[in-house]
Amino acid sequence: MAEIIDGKKIAEDVVATVAATAKDLAAHGVKPGLAVVIVGEDPASQVYVASKSRKAKECGFHSVQHTLAGGTSQADLVALIEQLNVDPAIHGILVQLPLPAHIDSGAIIQTIEPDKDVDGFTFVNVGRLGTGEVDSAFVPCTPAGSMLLIERVRGRDLSGLTAVVVGRSNIVGKPMANLLLAANCTVTIAHSRTKDLPALCRTADILVAAVGRPEMVKGDWVKQGATVIDVGINRIPAPEKGEGKTRLVGDVAFAEAAENAGSITPVPGGVGPMTIAMLMANTLVSACRAAGVEPPRF
Ligand SMILES: Nc1nc2c(c(=O)[nH]1)N[C@@H](CN(C=O)c1ccc(C(=O)N[C@@H](CCC(=O)O)C(=O)O)cc1)CN2
């Protein structure tokens, strides 16, 4: 039976380090500042944003939340970001995704000052990561957190190991593949057009599932002893819990996969909590850079 990788606990460790370093930064006259921007009333986004603002306060940050109406114009959103870009009290800016359909998300993201882009989505940070400048990049929080979980079970150097990342999104799949490559893994990105996906997955020492399809990765897709990182967060009907009830599942059929895996992340309690912890870590790093202080290594 696989080792269950406790993302909740590891996230708490990260947050504790962030909070302790934030306290030390006060001696340099710097308080890390995080601005979280949400547009509209998507219920899941509201939960995530509230959780980010709460965690930032727990870390001792200056935490600001901008809640904008769903009908906010692109120009007004750009104006807010430009204001935050030059606000010296703000070290990290995050625009919660998805944005309403009338807003051009790509353009909004590129408005963020790269040195405050704690989501790691701007071209500058994508480019830094893509060219192996991992230490100077802000790395997107979900892959950064997933990588930390992998390091806890496999160490920092993944030389000789084979990884398959299922999913090619800009937010998870591509940066995840770059991080694994930077750790010397041999990496394949698989997607909807990949032929014989089960066979490819069976070659992976490290298997990352980030497709957004409930329990798509089956137990017999998992190589004996592999590390399985499940990035999926899917809410599915759970009639066994009562009418209209739902439950969360990942992109991996957990019970089956755990029979073959050496280690595996659960959903909930795996990658999800790491996403918010790494946002705190990135904001702290940004504040350390502003203060000329060496940030901790997570
Ligand atoms: N600007 C961004 N937008 C979005 C990001 C992001 O990294 N930056 N990621 C996702 C959502 N997300 C954070 O924003 C996020 C998703 C899930 C969790 C989490 O802790 N999940 C829990 C389960 C929560 C539940 O019960 O629903 C878990 O997996 O244990 C945190 C953050 C999209 N948008």
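**Notebook: ligand shell and annotated positions**

I began with Arg 168, which touches Gly 173, Lys 174, Ile 189 and His 191 once residues up to four places away in sequence are left out; contact here requires C-beta atoms, placed from the backbone, within 7 Å. I note that the model is predicted, that local features need pLDDT of at least 70 and side-chain atom pairs pLDDT 80 or more, while totals for chains, interfaces and linings use all residues. Residues are numbered from 1 along each chain as its sequence is written.

I placed Arg 168 in the loop between strand E5 (162–166) and helix H7 (173–182), helices (H or I, at least four residues) and strands (E, at least two) being DSSP runs numbered from the N terminus. The UniProt annotation "binding site", from an unreviewed entry, includes Arg 168 and Ile 233, and such annotations may be inferred rather than shown by experiment.

I then looked up Ile 233, which sits in the loop between strand E8 (227–230) and strand E9 (234–237) and, beyond its neighbours within four places in sequence, contacts Leu 248, Gly 250, Val 267 and Gly 272.

Turning to the ligand, I found 17 residues around it, with Tyr 48, Leu 97, Pro 268, Gly 272 and Thr 275 the closest; a residue counts as near if its C-beta atom, placed from the backbone, lies within 6 Å. Helix H10 gives the largest share of this shell, 4 residues. Because domain 1 (18–118 + 274–291) and domain 2 (141–271) both contribute residues to the shell, the ligand lies between them, the bounds coming from an automatic or database domain assignment.

Methods: Two residues are in contact if their C-beta atoms, placed from the backbone, lie within 7 Å.
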